[in-house]
Amino acid sequence: MTDKFISIEGIAKRYSGAGGATTTVFENLWLSMARGEFACVIGHSGCGKTTVLNILAGLDAPSEGAVIVDGQAISGTSLDRAVIFQSHALLPWRTVLGNVSYAVSSKWRSWDRAKVKAHAQTFIDLVGLTGSEHKRPSELSGGMKQRVGIARALSITPKMMLMDEPFSALDALTRGTLQDEVRRICLETGQTAFMITHDVDEAIYLADKIFLMTNGPGAVLAEVVENPLPRDRGRTDLHRHPLYYALRNHIIDFLVTRSKTFAAETPDHDPRNVPLVHVGKPELTIASDAKPEPSREASWPGLSRPSTSS
Amino acid sequence: MSTSLRLRAGLVSIVLLAAFLGIWHLATRSTGTTTTMSPEYAKLMGLTATQGKSAMPGPLDVGAKLWEHLKRPFYDNGPNDKGLGIQLAYSIARVGTGYLLAVLVAIPLGFLIGMSPLLSKALDPFIQVLKPISPLAWMPLALYTIKDSSVSAIFVIFICSIWPMLLNTVFGVASVRKEWVNVARTLEVGTVRRAFTVILPAAAPTILTGMRISIGIAWLVIVAAEMLVGGTGIGYFVWNEWNNLSITNVIIAILLIGVVGMLLDQILARFTRMVTFPE
Ligand SMILES: Nc1ncnc2c1ncn2[C@@H]1O[C@H](COP(=O)(O)OP(=O)(O)O)[C@@H](O)[C@H]1O
Ligand SMILES: [Mg+2]
C-alpha cells in the first residue's frame, strides 16, 4: 500500500435512462494497486467490472472521480496501458504479424518496416506463435487468437495490462496453458496487471490480490483478499496448498451469498478503506483472522477438505 | 459432391437453353405461302404476308445477325449506323464517368456523415427526400441547366448511382465494430490514421456492396436515358432499331445489355470478395 502505482479515487459511473431516471452502476469506488502487482476482480455479471476496466483504460470516462496512474491523472487512452479484449478484437484483414505490427508501429512511429517487423516477431515468438505469422485471424483457433491479443498488448511494452475476461471463451486446456504463459510473462517482466475473471481458480492462480465486488446496481468493492499462496505456485498443484480451500471457499461464499447481502449486513462499510482480508491457516480459520463470526465459520463445507489432501 | 452438383446444374442450364431456342424456333418458323396477291401489294405487306413468315425473328435470324455484328463491331457509317461495339462503348463510357464521379463524392461524404452523428442527423432529411426520386425525373432539369445531352446523361447516371454508395458508406462507417475502434484508441492512433487503417478496411465490404448495387442501377438507367437524349449509345440503338422495325437488332441489343450488365456486376462482386475477410 506504500507505492500506489494505480489509484482509483472515488469514481462513479451513472447512466441516464429513459424518463430522466439515472442508474448508478457504482459510486465512490476507491481502489489501489502497487507496481508489479497482479490483481483480479471477481463479481457477478453486470456489477460494473468492465466499466471499471474501461475507465482504467481510458476508453470510458467516469461520471465522477479520477484515476491516477504513476502519479498522473489519466485523460483518455494511453500506450502505457495495454488492453487485452475478451473477444480478442483482432483486425481480420491483417495477418498475425500485421496485427502485432500495427501496435508496434503505433507506438514507435519513426521505426522503419524491418525494425517494426523484427520487434513484432519477438513477441509473436514469445507467445508461441512462430510459424503462424502470415495467417489471418480466421485461420486461427480461439486460443491462438487470444495469444495474438496478448502479443499485441505486450509488444508495446506497456506499464500495465488490462484484461477483460481474456480466457472466458476458451476451452479449459487452452485456458490453462495461456494462464501459465500470462503468469510467466508477468513475473518475468514485472508487469502490473488488472484482470477481470469469472473463474475463481484462475484468480487464485494468477492474482496477488483479489478484488471482490458486490452486485449492482450500486456495486461496491467489498474486500480485497490477499493471496496467501506462495509466489512459485503451480497451476496443477494449486489445490494441494493448505490454504487453497480456505481461500477458494471464502471467494465462493462471497459470490454465492455475501455479494447480495453485503450492503445490508455492512452498513458501516467505508469505501475508502476497504478491508484487506488475509485468509488464515485452515486450523485457525478465517473467523479468527478478522472479527470472530461463528455463523460464517459454520457455512464452510470445504474446510474439512484441506486436511485430507495434506 | 459440389463438382457433380455444378456439372448437373450446367447440364440443366444447357437443356433449358436448347428447349427455349427450340420453342422459339418452332414458334417463329415460316408456315408457307398463304395467299396470292399482286406483287405491289405483296411488297407493301412484306414477308409476313407473302411467305407466311413470322414478323418475330427466329433464333437463326438473330444468330446470323449477331455474327454479322460481332464480325464488324466498330464500323461507323454516320449518325444512324454505327457498330454495336461503338454504341456499347458510348454507354459504358457514360456509365463509367457518372459512376466514378459518384464514387468520388459518395465515399468521402459518406465517411464524413458516418463519423459525425451531427452531420448524419442534419443531412438525413435531404437524403430521404432525394433518394426515392427517379433519376430520369432529373433529366429535363439537367437538359435545361447543362444544355448538353451527353453530359445530362452522365449527370443522371451520377445521381442514380450516388445513393446506394452514400447510404452504404454511411452505414458501413457508422457500424464498424466498437472493439476495433477501441483497439485503435488504446494504441493512440490519430483520427486520420484510424480512418484509413481501421474504419476503411472494416467498412470496405459494405461500401463495395453499395457500389455493386449502384453499378447495376446505373446500367439500368443508361438505356432509358439514352432513349431520351438520343444520338449515341446502346439505349439509342434500341430505340433507333425499333423505329427501323428491326426486331432482330432489338433482340441482339437486349442480349448484349444483359451480358455487359452481368460483367459489370461480376467485376464489382470480385472486388467485394477481395476486401471481405471472415473473422
Ligand atoms: N451504455 C449503457 N447504458 C446504460 N447502462 C449501461 C451501459 N453500459 C453498461 N451499462 C450497465 O452498467 C452495468 C455494468 O456493466 P458492465 O461493466 O459491463 O458489467 P460487468 O462487466 O461486471 O458484467 C450493467 O448493469 C449494464 O446494464
Ligand atoms: Mg464484462
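For chain A the accessible surface is about 13,400 Å², with 52% belonging to carbon and sulfur atoms. The model is a predicted one, and every value below is computed from it.

Chain B is a helical chain: its secondary structure amounts to 12 helices and 0 strands. Read along the sequence, the pattern is α-α-α-α-α-α-α-α-α-α-α-α. Chain A, by contrast, has 9 helices and 11 strands.

The overall dimensions of chain B come next. A compact globule of 279 residues would have a radius of gyration near 19 Å, whereas the value for chain B is 25 Å. Along the principal axes, the C-alpha atoms of chain B fill a box of roughly 90 × 60 × 30 Å. Of the 279 residues in this chain, 41% count as buried; in chain A, 53% of the 310 residues do. A residue is called buried when its relative accessible area is under 20%, and exposed when that area is over 50%.

Contacts can also be sorted by separation along the sequence. In chain B, among contacts with a separation of 6 or more, 69% are between residues 24 or more positions apart. In chain A, 71% of the contacts between residues at least 6 apart in sequence join residues at least 24 apart.

The size of an interface is often given as the accessible area lost when the parts come together. Between chain B and chain A the buried area is about 2,000 Å², and carbon and sulfur atoms give 62% of it. Three residues, B:Thr186, B:Leu187 and B:Phe277, supply 30% of the area that chain B buries against chain A, more than any other three residues. In terms of contacts, 18 residues of chain B touch 24 residues of chain A.

Helix 8 covers residues 149-174, and B:Ser152 lies in it. B:Ser152 counts as buried because its relative accessibility is 0%. Leaving aside neighbours within four places in sequence, B:Ser152 is in contact with B:Met139, B:Ala142, B:Leu143 and B:Ile146.

B:Ile162 also belongs to helix 8. Its relative accessibility is 8%, so B:Ile162 counts as buried. Apart from neighbours within four places in sequence, B:Ile162 is in contact with B:Ala102, B:Val105 and B:Ala106. B:Ile162 and B:Leu26 are 136 residues apart in sequence, and their C-alpha atoms are 45 Å apart in space.

B:Val170 is another residue of helix 8. At 14% relative accessibility, B:Val170 counts as buried. Its contacts, again leaving aside neighbours within four places in sequence, are with B:Gly110, B:Ile113 and B:Gly114.

A:Ser259 is found in helix 7, residues 244-265 of chain A. A:Ser259 is buried because its relative accessible area is 2%. Not counting residues up to four places away in sequence, A:Ser259 touches A:His44, A:Met213, A:Thr214, A:Asn215 and A:Phe254.

Finally, two residues have backbone angles to note. A:Ala89 is not a glycine, yet its phi is positive, about 50 degrees. A:Ala89 sits in the loop between strand 6 (81-84) and helix 2 (96-107) of chain A. With a relative accessible area of 1%, A:Ala89 is buried. B:Leu245, likewise not a glycine, has a positive phi of about 60 degrees. B:Leu245 is in the loop between helix 11 (234-243) and helix 12 (247-275) of chain B. Is B:Leu245 buried or exposed? At 64% relative accessibility, B:Leu245 counts as exposed, whereas A:Ala89 is buried.

Technical notes
Residues numbered from 1 in each chain as written. Chains lettered and ligands numbered in written order. Predicted model: local features only at pLDDT ≥ 70, side-chain atom pairs only at ≥ 80, totals over all residues. Heavy atoms only, no water. Helix = DSSP H or I, 4+ residues; strand = E, 2+ residues; numbered from the N terminus. Rg over C-alpha atoms; globule rule 2.2 N^0.38 Å. Buried < 20%, exposed > 50% of the residue type's maximum accessible area, 1.4 Å probe, protein only. Contact = heavy atoms within 4.5 Å. Buried area = accessible area lost by both parts, 1.4 Å probe. Areas by Shrake-Rupley, 256 points an atom, 1.4 Å probe, with all protein chains shown as cover.
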